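Let's take a friendly walk through this model together. Keep the sequence and the structure side by side as you read.

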Amino acid sequence: MRLAEPRSKDLIQALNSAIADCRADKFPCPFEAHRRVSQMYTWHNVACRTEVVYDRVAQDQPLCLTERLKRYRECGPVSGWLFIVIAIVNWLLLLTVEFVMPRDLIEVAPDCRRLNNKKKN
């Protein structure tokens, strides 16, 4: 088991170290690995980390269709085009659904984050 910072250089270094240990038959005891991981993480800790990630994602502005298509194109010579086709079909489907049921007729769900902030204050 290797821990690394979420940077490509650190991840590659940790992966190379793990591969070297595997080739040298240096496997950690699974019970010891489980004990270490169980001490590092608790349900509360994982829930707090997950909430931080969700809050960051919620603050991001959605990308426009052209920007998303550009990013899909960078996924590879074949898969990029496949993703673009799927995204365009999905967009056309959304337009069709919106024509049948306009947004103005759909009830908007309340923002739960605002409700939670009021309860905390």
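This is a predicted model: local features need pLDDT of at least 70, side-chain atom pairs count only at pLDDT 80 or more; totals for chains, interfaces and linings use all residues.

Residues are numbered from 1 along each chain as its sequence is written, and side-chain values use heavy atoms, with hydrogens and water left out.

Start with α5, residues 79-100; helices here are DSSP runs (H or I, at least four residues), numbered from the N terminus. Its 22 residues reach 31 Å from first C-alpha to last, close to the 32 Å expected at 1.5 Å a residue (that is, 1.5 Å times one less than the number of residues). Gly 80, Ile 84 and Ala 87 of α5 are buried (under 20% relative accessible area, with exposed meaning over 50% and partly exposed in between; 1.4 Å probe, protein chains only). Because the buried residues fall within an arc of 65° seen down the axis of α5, they line one face of the helix; the arc is taken from the directions from the helix axis to the C-beta atoms. An α-helix has 3.6 residues a turn, so residues three or four places apart point the same way. The buried residues of α5 pack against α4 (65-73), with contact meaning heavy atoms within 4.5 Å. On the face turned away sit the exposed Val 89, Asn 90, Leu 93 and Val 100.

Next, find Asp 25 in the loop between α1 and α2 (30-40). Its phi is near 55°, a positive value in a residue other than glycine. Asp 25 is exposed, at 59% relative accessible area.

Finally, look at Leu 3, in the segment before α1 (8-23). Leu 3 is exposed, with a relative accessible area of 59%.

Key: Helices (H or I, at least four residues) and strands (E, at least two) are DSSP runs, numbered from the N terminus.
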